[in-house]
Amino acid sequence: MSRTAAAARLLAWYDANARQLPWRRSADPYAVWVSEVMLQQTRAETAGPYYQRFLERFPDVESLAAADEEQVLAAWSGLGYYQRARRLHAAARTLVAAGAGWPHTAAEWLRLPGVGRYTAAAVASIAFGEAVPAVDGNVVRVVTRLLGERREVHRAAVARRIETYAAELVGGAEGRPGDVNQALMELGATVCLPRRPRCPSCPLAAGCGALAAGLEQRLPSRRRSPEPRRERRIAALARQGGRLLLVRRPPTEQLLAGLWELPWVAAGEPAEAERALAARYGGRWRLAAPLATLRHAITNRRLEVELWRAELRAAGGVAESAEAGWFGDTALSEMPLAGLARKALAAARRARPDEDR
């Protein structure tokens, strides 16, 4: 099948089957950019509500550039991978400071801080019609199977082959390069699935090398990922006068830098955990009652967290620290909370609705 014919089949399928996602209602460069950053490492179903709230809070690049980082992180809170928000914010400030308008090509987008090849290509093709391929994980899977490529996808030669094929599809799109990129992503998200691909529904099945060889469920070939680290923790939910104690992670940390979380220590017997909390945060702690057990994933870590209602007596110490404080519900709604903290607060409300409103 020629690339032009494949592009035509793909576009016909996309026109008939594309999901009605909020970011597909506009070709505004800012809206496209925000959506593409959010969709990195996040499913469309998850990103949708965050996308709409983020645009309500920051409706244009000027409002995003003018915001403090903490405001941006608060709007992003719960979506995870917070470096994406920081990079988006930094690039918005660079754009506004330059005052030269929007970049139109992928090469121009790549000059912005934190903008990588995928995002640059996606925005340039969707918002400005540049015929450049946007290769994400979905596209890698689709193209690898179409080519019947059996080598591991991390190899440079394989990556070049995938990008060349995607570029040929985009080039055969008759003026719709952005739609071809989105169609490839859509095909990977809804039909050419990692497990149990829906080959009978695929518009490109007739030319699929993996399907012809019976390898559709085995490709792409990847390096085996390392086993995730498993950690058990105790998190303390302490309140005084209706306000909740939170601590802020240092801005120098690799994970969740600058976000607010509940005090926590490695899991152990309650008396042992109380001593560990005192050693880490100061004051005298008492774990009063267990509330819930939570499971949470952060990159390569799998956490099992026992959430306890706690009491803290401290003269000075953590409650007066610049990196800790007691916060009421209004403040909590505007703070950049770590995802686990949000999950813990929801669990506490379910466990004791009258006490954790």
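Guide: Strands here are DSSP runs of E with at least two residues, and helices are runs of H or I with at least four, both numbered from the N terminus. This is a predicted model, where local features need pLDDT of at least 70, side-chain atom pairs count only at pLDDT 80 or more, and totals for chains, interfaces and linings use all residues. Residues count from 1 along each chain as its sequence is written, and side-chain values use heavy atoms, without hydrogens or water. By that rule for runs, the chain has 15 helices and 7 strands.

Visitor: What makes β1 and β2 a pair?

Guide: Two strands pair if DSSP finds at least two bridges between them. β1 (residues 229-240) and β2 (residues 243-248) run antiparallel and share 2 bridges, so they meet that requirement.

Visitor: What lies between β1 and β2?

Guide: A turn of 2 residues, making the two strands a hairpin. In this turn, G241 has a positive phi of about 55°.

Visitor: Which other strands pair with β2, and how do you know?

Guide: β7 (residues 324-327) joins β2 over 4 bridges in the antiparallel sense, with V247 opposite A324. β3 (residues 260-261) is also antiparallel to β2, with 2 bridges, and R248 has W260 as its bridge partner there. Both counts reach the threshold of two, so both are pairs.

Visitor: How much of the chain is buried?

Guide: Of its 357 residues, 48% are buried, meaning under 20% relative accessible area with a 1.4 Å probe and protein chains only.

Visitor: Why is one group of residues called the largest nonpolar core, and which members touch the most others?

Guide: A nonpolar core is a set of buried Ala, Val, Leu, Ile, Met, Phe, Trp, Tyr and Cys residues joined through side-chain atoms within 4.5 Å. The largest such set here has 120 residues, with W33 and F54 touching the most other members. Helix α8 (residues 117-128) gives this core its largest share, 8 residues.

Visitor: What does F54 contact beyond its sequence neighbours?

Guide: Leaving out those within four places, F54 is in contact (heavy atoms within 4.5 Å) with Y30, V34, M38, L64, V72, A75, W76 and L88. Across the chain, 65% of contacts between residues at least 6 apart in sequence join residues at least 24 apart.

Visitor: How is the second largest pocket lined?

Guide: This pocket has a volume of about 540 Å³. Its lining has 21 residues, with G80, Y81, A297, I298 and T299 closest to the centre. The largest share, 3 residues, comes from β5, and the classes are 8 nonpolar, 10 polar and 3 charged.

Methods:
Buried < 20%, exposed > 50% of the residue type's maximum accessible area, 1.4 Å probe, protein only. 1 Å grid on protein atoms, 1.4 Å probe; cavity = no way out; pocket = protein on both sides within 12 Å on 5 of 7 lines; lining within 4 Å. Points joined across faces, edges and corners; volume = space filled by probe spheres on them. Nonpolar A, V, L, I, M, F, W, Y, C, P; charged D, E, K, R; others polar.
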